[in-house]
Amino acid sequence: MLGFFERLVNPYVDYQETDTPPTKLWPFMREYARPFAKVFWVTAIVSVIVAAVEVGLIWYMGRVVDLLTGLSPEEIRANYVTEFILVALFVLFLRPLIQVVDVALLNQTILPNFGTLIRWRAHKHVLRQSIGWFENDFAGRIANRIMQTPPAAGEAAFQVFDAMTFAVAYLVGAAVLLMGSDPRLVLPLIAWFGLYVLLVRWTMKRVGPASKAASDARSTVTGRVVDSYTNIHSVKLFAHDDTEIKWAGEAIEKTRKTFQAEMRIFTKMDVMLVTLNGFLIVGVVGWGIWLWMLGSASVGVVAAASALCLRLNAMTGWIMWALSSFFRNLGVISEGMETIAQPVTLVDAPDAKSLDFREGKIEMQGVVHRYGRDTGGIDGVDLRVEPGQKIGLVGRSGAGKTTLVKLLLRFYDIEGGTILVDDQDISRVTQNSLRRQIGMVQQDSSLLHRSVRENLLYGRPDATEEEMIAAAKQAEAHDFILDLEDPEGRRGYDAEVGERGVKLSGGQRQRVALARVILKDAPILLLDEATSALDSEVEAAIQDTLYDMMEGKTVLAIAHRLSTIAKMDRIIVLDQGLIVEDGNHAELLAKGGIYAGFWARQSGGFIGGDEVNEHG
Ligand code: ATP
């Protein structure tokens, strides 16, 4: 039975993904609520019926009082027993049934599914954001928003039906009831209602911004705390526990302050509400007794009016609470929207086709990318790489080497110029088709917190076990992988590697990353310090693998250790975002420029001197 309600809406239903989700609250909610439209309507109707039943019962109590005071027991026995039994049956069986439907719709259909739908879609949307977008935020904060926005939206929807629809229906019912008994009794109710609306407005105006601020502060705490945890090595190394505690402490204190400011509103509201309700009780009941003394209202009317007021008294607190948590949730949603409703800016062009890869020619024409600043980054690079050509990229730290290869992957949209692969502008082809043709081994390859096998198959999910092992062997990773064991006792390729691969040594991590790229076997290869974390013995072995891997591919290899690229077809020297030297090893040595200087200062294949940074 409950399963039926749980399956009424599929939170994973297909939908039209958009790069620019609505950025205003209501359109945003409407968009996400679309699959729930029918359920929302039915729930609203059922809530109204529930409210009508409640008011009806109170009205009926009034009728019972009138009957009991006006008639003798014999008359009651003779004429009203059947009616009483019917009402009893209704209360015993039909009323619970209606309530069950109402509660099941709210608890089983709306609350879990609405939140799930938002979380699922929000995560999909966020994953589509560019690398640059992620670089500008805390991972922890993003995760927090993905976690706290959906339940807030689910609860907001819940409150609309559970409290608001019910309350409005109840109030209308109460007014109708009092009107039917004695129209004069409605007057205090109307006066009270007017004041109540003012109080609601007063509260709501303040709750939204206050809870947005509180929610914002909570996300910042998560961002800071997660930042400390993920950088725990630096924290410990520099003995900065206290600094970290202070940094998180400031955010925690801000959370407390914003939370207190938010709760002040509720406390003040409570005081005003209790006072207001006092007027309602005295107004309606006192007024009812007065009318009874004048002989123009029956005891039943006074009893029903009193019951209504007491119920309203209890209900108003609950409604106000529901309303304020509704607006509070809207505040949380608004805050979350700063992350989950941001447009995806780095997108495929509307008419983007798959890259038609032919031979792997790369051309860069006047490429500029300064990360939105006035200087730095890449400052106007013209480069033509012939198909199958192997290029070594050299330059001081910060010269723009990594930026250049990232631009080829379209991790960022360039600020000026054009990049072509096989004569196709990379901004006009789909990102996935471009990246499928490129394999990259990074300087600091972080692995996914999954098994070695899953990490390797990331390179090519449909690879066979044999292919995967062959790749691992080529990358000199097979032997150490067989020796791995994680705390859960999983061994070898099934062992998990820890967050970002922390349970492996730097060199092991790099070899797994390399095996993954070998498995991918893409025709363009980008190596960013691909062997920097390896000891010289493993490096020598891997270097041969790398040369094998490069066979028939277009290659761009960044290296500080010049011996690894000296044999390349061509070496490009970047300086301050510009190509300053271009030629093969011998030509550049003969030129006696920056490269020759680097080479001269090499000791054991390293660029030495103070011009290069420590990770050299
Ligand atoms: P290294 O040899 O140290 O890896 P590099 O030559 O690869 O250096 P890049 O990483 O390309 O240099 O950096 C070039 C410039 O761009 C630097 O001034 C750096 O501060 C800046 N930069 C790099 N990444 C970003 C980023 N995500 N946002 C803003 N600026 C960046």
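Predicted model: local features only at pLDDT ≥ 70, side-chain atom pairs only at ≥ 80, totals over all residues.
Glu31 is partly exposed, at a relative accessible area of 28%, while Arg34 is exposed, at 57%. In total, the count comes to 32 salt bridges.

A second pair takes us to the helices. Arg145 and Glu338 meet in a salt bridge of 3.3 Å, N to O. Arg145 belongs to helix α7 (residues 139–181) and Glu338 to helix α11 (residues 299–340), so this contact ties together parts that lie 193 residues apart in sequence. Arg145 has a relative accessibility of 3% and is therefore buried, the limit being under 20%.

Another salt bridge links Glu467 with Arg460, whose closest N and O atoms are 3.5 Å apart. Both residues are partly exposed, Glu467 at 33% relative accessibility and Arg460 at 27%. Elsewhere, salt bridges with shared partners join Arg145, Lys212, Asp216, Glu335 and Glu338 into one network.

With 45 residues (186–230) at 1.5 Å a residue, α8 should span 66 Å, and its end C-alpha atoms are 63 Å apart, which agrees. Along the way, α8 bends by about 25 degrees at Val207, and a proline, Pro209, follows within four residues.

Methods:
Residues numbered from 1 in each chain as written. Heavy atoms only, no water. Helix = DSSP H or I, 4+ residues; strand = E, 2+ residues; numbered from the N terminus. Expected span 1.5 Å × (residues − 1). Bend = angle between axes of the 7 residues up to and from the residue. Salt bridge = Lys/Arg side-chain N within 4 Å of Asp/Glu carboxyl O. Buried < 20%, exposed > 50% of the residue type's maximum accessible area, 1.4 Å probe, protein only.
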